[in-house]
Amino acid sequence: NRKFHPDDSVIDLGGGALIGGKKLAVIAGPCSVESEAQITAVAQAVRESGACALRGGAFKPRTSPYSFQGLECEGLNLLQKAKEATGLPIVTEIMGTEYVELFEECVDVIQVGARNMQNFDLLKKLGKRTTKPILLKRGLSATIEEWLMSAEYIMAGGNQKVILCERGIRTFETFTRNTLDLSAVLAVKSLSHLPVVVDPSHACGKAWMVERMAMAAVATGADGLIIEVHNDPKNALCDGAQSLTPDQFTDVMGKLAAVAPCV
Ligand code: PEP
Ligand code: MN
């Protein structure tokens, strides 16, 4: 709460990449890790364009049990290889309490997905048993208060390194995958000292909307962005329609540099 903590929290994502400071932090990478060649190529491309961390799902929370579920532990190994090749810290989603020790060992930033925002057992264990930053996505239909209370669960356990992520909420609108709630960025920045990241990819579900929503998020005061980038979006195993190509991502970074200094 700002009342007890007036200054913005600045969190190290790993290797000195800061979020919450003066510079915009951009996390980028594919929805899912698919192969060594794919994750390493995307990691190299996004690092060259100025991303400060690599995202990639190894454990995927898919709506259908018949959709690609991720490479799981093999995906974590491939993320580590991409980190070795590029130096980028890795951000990846945790699905359950049984993985907390493993993620503490081999992940730089632990993502809690929208569907797990109110998995209180998971939040408690992350608070008590991890020292790594937690990227806490807003639940599909979570109010700002519910979202902040989930952050509180983690911090109450002892881990103060929470990064909030607005990724769009469920509304009556179906043209976009979700509805990006940029007013929530203003709200949480005024209520809380925690850094806020916006995910325009999952918010819109359409690659062509990502650039302008990213710029709008920066104008609103977001501390960072998390953007899906794939080397072959048409053949992506997950979320190809919202994924930028590396060249498109480079263009977006150029536009962002004009409005905010990037890491
Ligand atoms: C993701 O970032 O890959 C993801 C599944 O996002 P969300 O939890 O916001 O749907
Ligand atoms: Mn995705």
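Start by selecting tryptophan 147: with 0% relative accessibility, this residue counts as buried (buried is under 20% relative accessible area, exposed over 50%, and partly exposed in between, using a 1.4 Å probe and protein chains only). Tryptophan 147 sits in helix α5; helices (H or I, at least four residues) and strands (E, at least two) are DSSP runs, numbered from the N terminus. The model is predicted: local features need pLDDT of at least 70, side-chain atom pairs count only at pLDDT 80 or more, and totals for chains, interfaces and linings use all residues. Residues are numbered from 1 along each chain as its sequence is written, chains are lettered from A and ligands numbered from 1 in the order in which they are written, and side-chain values use heavy atoms, with hydrogens and water left out.

Show the surroundings of tryptophan 147. Leaving aside neighbours within four places in sequence, tryptophan 147 is in contact with Met117, Leu136, Lys137, Arg138, Leu164, Cys165, Glu166, Ala184 and Val188, where contact means heavy atoms within 4.5 Å.

Is glutamate 146 buried or partly exposed? Its relative accessible area is 32%, so glutamate 146 is partly exposed. Beyond its neighbours within four places in sequence, glutamate 146 is in contact with Met117, Gln118 and Ser141. A C-alpha line drawn from glutamate 146 to threonine 174, 28 residues apart along the chain, spans 24 Å.

Two packed helices are described by the angle between their axes and the distance between the axes. The axes of α4 (residues 120-129) and α5 (residues 144-156) come within 6 Å and cross at roughly 40 degrees. That makes α4 oblique to α5. The axes are lines fitted to C-alpha atoms, for helices over the stretch in contact, and angles run from 0 to 180 degrees between N-to-C directions. Angles under 35 degrees count as roughly parallel, over 145 as roughly antiparallel, 65 to 115 as roughly perpendicular and the rest as oblique.

Which residues meet between α4 and α5? From α4, select Phe120, Leu123, Lys124, Leu126 and Gly127; from α5, select Ser150, Tyr153 and Ile154. By class, this contact of α4 with α5 has 5 nonpolar, 2 polar and 1 charged residues. Here Ala, Val, Leu, Ile, Met, Phe, Trp, Tyr, Cys and Pro count as nonpolar, Asp, Glu, Lys and Arg as charged, and the others, Gly among them, as polar.

Now move to the metal site and select the manganese ion (ligand 2). Which residues coordinate the manganese ion? Cys31 (SG), His202 (NE2), Glu228 (OE) and Asp239 (OD) do, at 2.0 to 2.4 Å. Donors are N, O and S atoms within 2.8 Å of the metal (3.2 Å for Na, K and Ca), and water is not among the atoms, so sites may look incomplete. Along the chain, the donors of the manganese ion follow the spacing C-x170-H-x25-E-x10-D. Cysteine 31 lies in the loop between β3 (25-29) and α1 (36-49) and glutamate 228 in strand β10 (residues 224-228), so the pair ties together parts that are 197 residues apart in sequence. Cysteine 31 and glutamate 228 are both buried.

From the site, select aspartate 239, in the loop between β10 and α9 (246-259). Aspartate 239 counts as buried, at 18% relative accessibility. The side chains of aspartate 239 and glutamine 242 are joined by a polar contact of 3.1 Å. A polar contact is a pair of N or O atoms within 3.5 Å; within protein, one must be able to donate a hydrogen and the other to accept it, and residues adjacent in sequence count only if both atoms are side-chain atoms.

Check the backbone here too. Most residues other than glycine have a negative phi. Aspartate 239, not a glycine, has a positive phi of about 60 degrees. Glutamate 72 has a positive phi as well, near 55 degrees, and lies in the loop between β4 (53-55) and α2 (73-86).

Finish in helix α9 with phenylalanine 249, which counts as buried at 0% relative accessibility.
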